[in-house]
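Work through the exercises below with the model open. Try each task before reading its solution.

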Amino acid sequence: MSLSKRISQIQPSATLGITSKARAMAKQGIDVISFGAGEPDFDTPDYIKQAGLDAIKAGKTKYTQSAGTLELRQAICDKLSSIDKIDYTPKDIIVSNGAKHSLYNIFQAICDKGDEVITVAPYWVSYVEMIRLAEAIPVILRPAEGEGFKITAESLAGAITSKTKAVIINSPSNPSGCLYTRDELYDIVCLLKGKGIRVISDEIYNRLVYDGLKAVSCASLGREGKDMTVIVNGVSKTYAMTGWRIGYIASNDTSLTSAIANLQDHSSSNPCSISQEAALAAISSDESSVSMMRDEFKKRRDYMVKRIKAMKSVSCLEPKGAFYCFVNVSVIGHDTLKIADRLLEDARVAVVPGEGFGCPGYIRLSFATSMKLIKEGLDRIEKWLKQ
């Protein structure tokens with residue numbers, strides 16, 4: 001019996017693949033250091049876990065509205081207003097089972113067969129596959145490393161066609177850590193004004209920004225910016241809640257939010273009621289736990305970048321946000337699937353190959369692990385390079 005064509009076209013996740021292999025080796029007693037993780041190594045803060053326990057004890061175990069509880073959606077609006085200076089109402093918010101689910105819903109809601117969605121390499125591994133699942137065509141722009149892996153309004157203009165439905169902006173970026181400035185995003189908003197093209201603004205790492213910088217949302221850039229932008233965010237990275245599976249979109253386009261709410265009604269229904277209560281506690285609190293994680297991530301980033309820059313045959317840009325270094329290994333070879341496999345087999349270090357991000361010649365190293373493991377892992381990589 002055959003499978004559908006669309007499901008047969010989906011490629012396995014490069015990030016999950018290397019992580020799975022590293023875990024399998026570890027279970028065999030092999031000492032593997034993994035730089036593959038796409039999640040904070042910190043535990044969910046106690047006050048958030050307690051909110052989940054309290055929700056269970058209070059019997060909050062029933063269905064909620066498919067779009068999420070009113071209390072959680074209001075808390076999201078309050079946070080967006082206080083920190084990002086963007087005003088929404090609860091009807092503009094759809095809570096889903098993680099930011100990945102939110103993105104999937106958006107592509108299903110806006111794309112028809114043959115439509116085009118512009119994304120930027122290096123891109124997060126699931127964008128392209130989600131676009132294809134919506135029977136649309138991913139149009140990939142490839143800015144150079146010397147351009148900070150960032151597109152400009154000028155380079156974007158050359159990719160727009162009559163079939164373009166959306167542009168994905170991921171700032172800070174997974175995997176490069178690049179961060180768009182307000183002026184760069186404003187130029188993009190001006191270019192797209194009046195074209196009927198949406199900006200899908202993936203802001204999942206927007207609280208993990210370093211060096212006194214701040215992530216800017218296209219939705220904050222005037223009325224036109226807000227009207228064209230669909231914000232995607234969640235609690236997984238900011239509050240170390242990856243397993244709780246709570247993400248959301250924010251958009252004042254009622255046709256889009258109504259369509260996604262309807263889609264969610266008939267697919268997943270509501271996100272986990274317990275997780276919603278925990279997310280409410282996280283989003284409603286101060287961000288002291290976030291500051292602690294961000295400070296620690298910065299120390300790790302500084303150390304990792306310094307070590308990589310001191311090694312021969314590899315290099316990387318300093319990431320301005322997220323918790324990854326995107327390392328140029330093209331001097332060694334462009335087939336980073338083989339390089340990643342050799343590192344795992346020979347040096348017992350797990351990294352993610354650039355092919356999954358649309359960038360052969362690079363590997364991604366996560367610094368969402370302890371400083372002790374970072375030091376040991378980089379020692380192994382340096383020794384392997386010398387050999």
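On a 1 Å grid over the protein atoms alone, a pocket is an open set of points where a 1.4 Å probe fits, with protein on both sides within 12 Å along at least five of seven lines; lining residues have an atom within 4 Å of a point. The model is predicted: local features need pLDDT of at least 70, side-chain atom pairs need 80 or more, and totals for chains, interfaces and linings use all residues. Residues are numbered from 1 along each chain as its sequence is written, and side-chain values use heavy atoms, without hydrogens or water.

**Exercise 1.** Find which helix gives the most to the lining of the second largest pocket.

*Solution.* Start with the space: about 460 Å³. Next, the lining has 21 residues; among the closest to the centre are Val125 and Glu129. Two elements give two or more residues each: helix 5 (99-110) and helix 6 (125-133). Helix 6 gives the most, with 7 residues.

**Exercise 2.** Locate the cis peptide bond that involves Pro122.

*Solution.* Go to the loop between strand 3 (116-120) and helix 6. The bond joins Ala121 and Pro122, with omega about 5 degrees. Most peptide bonds are trans.

**Exercise 3.** Describe the phi and exposure of Ser269.

*Solution.* Ser269 sits in the loop between helix 10 (254-265) and helix 11 (273-284). Its phi is positive, about 60 degrees, although Ser269 is not a glycine. Its relative accessibility is 26%, so Ser269 counts as partly exposed (from 20% to 50% relative accessible area, 1.4 Å probe, protein chains only).

Technical notes: Points joined across faces, edges and corners; volume = space filled by probe spheres on them. Helix = DSSP H or I, 4+ residues; strand = E, 2+ residues; numbered from the N terminus.
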